Amino acid sequence: MTAPKGGKPAVRTALLLIGHGSRVPEANKVLSDVTGALRRRFRGYVVESCFLELAQPDVQAGIDRCVVQGALRLLFVPYFLYLGGHVGRDLPEHIAQGRDRHPGLEIRIAPHLGYDRAWSR
């Protein structure tokens with residue numbers, strides 16, 4: 001994802017990293033660190049993070065944070081290793097809720113992290 005010349009996208013775009021969430025703050029900090037790194041790399045974009053459960057902000061609050069910053073287009077980035085109930089069922093439900101709550105907001109979902117084939121070389 002690169003910004004056009006001038007550094008800002010034509011339509012305000014947001015990346016919303018979504019983690020599972022944990023009661024252990026140090027575990028949640030990993031997602032916060034990744035979010036900070038992406039903010040530095042994609043300066044023209046809104047970059048936020050949220051959690052499905054056990055930590056805050058939750059997914060709907062994450063969507064709201066992006067919208068408040070002017071996002072008209074949102075990409076869910078599931079910070080999950082494999083496709084399971086959360087990625088395959090819960091995130092699409094959150095997308096539907098987000099679209100209902102914010103008419104006109106375009107929401108898409110990126111693939112989950114999955115297996116890095118570089119490890120098998």
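**View 1. Leu52 in the loop between S2 and H2.** In this predicted model, in which local features need pLDDT of at least 70, side-chain atom pairs count only at pLDDT 80 or more, and totals for chains, interfaces and linings use all residues, Leu52 lies in the loop between S2 and H2, where helices (H or I, at least four residues) and strands (E, at least two) are DSSP runs numbered from the N terminus. Residues are numbered from 1 along each chain as its sequence is written, and side-chain values use heavy atoms, with hydrogens and water left out. Leu52 is buried, with a relative accessible area of 15%; buried means under 20% relative accessible area, exposed over 50%, and partly exposed in between, for a 1.4 Å probe and protein chains only. Leaving aside residues up to four places away in sequence, Leu52 touches Ile18, Gly19, His20, Val59, Phe80, His86, Asp90, Leu91 and His94, a contact being heavy atoms within 4.5 Å. From Leu52 to Val87 the C-alpha to C-alpha distance is 9.9 Å, although 35 residues separate the two in sequence.

View 2. The chain contains three helices and four strands, and from the N terminus on its elements run β-α-β-α-β-α-β. Four strands form an open sheet in the order S2-S1-S3-S4, with parallel pairing, two strands being paired if DSSP finds at least two bridges between them. Strand S2 (46-51) and strand S4 (106-109) stand at the edges, each with a single partner strand, so one side of each has no neighbour in the sheet. From one strand to the next the twist averages 25°, with axes taken as lines fitted to C-alpha atoms, for helices over the stretch in contact, and angles running from 0 to 180 degrees between N-to-C directions. Of the contacts in the chain with a separation of 6 or more, 71% are between residues 24 or more positions apart, and 38% of the 121 residues of the chain count as buried.

**View 3. Strand S1 between its two partners.** S1 is mostly covered, with seven of its seven residues buried: Thr13, Leu15, Leu17 and Gly19 point one way from the strand, Ala14, Leu16 and Ile18 point the other way, and all are buried. Six bridges join S1 to S2, which run parallel, and Gly19 has Phe51 in S2 as its bridge partner. S1 and S3 likewise run parallel and are joined by six bridges; in S3, Ala14 has Leu74 as its bridge partner, while the partner of Ile18 is Pro78. Helix H1 (residues 25-41) lies across strand S1 (13-19) and S2, and runs at about 170° to S2.

**View 4. Helix H2 and its ends.** The buried residues of helix H2 (residues 59-68) are Val59, Gln60, Gly62, Ile63 and Cys66. Seen down the axis of H2, these residues fall within an arc of 160°, so they line one face of the helix; the arc is that of the directions from the helix axis to the C-beta atoms. At the start of H2, a side-chain oxygen of Asp58 reaches to within 3.3 Å of the backbone nitrogen of Gln60. After H2 comes Gly70, whose phi is positive, near 95°.

**View 5. Cys50 and Cys66.** A search of the whole structure finds zero disulfides, a disulfide being a pair of cysteine sulfur atoms within 2.5 Å. The cysteine sulfur closest to that of Cys50 belongs to Cys66 and is 7.8 Å away, too far for a bond. Cys50 counts as buried because its relative accessibility is 0%, and Cys66, also at 0% relative accessibility, counts as buried.

Notes. Polar contact = N/O pair within 3.5 Å; in protein donor to acceptor, adjacent residues only side chain to side chain.
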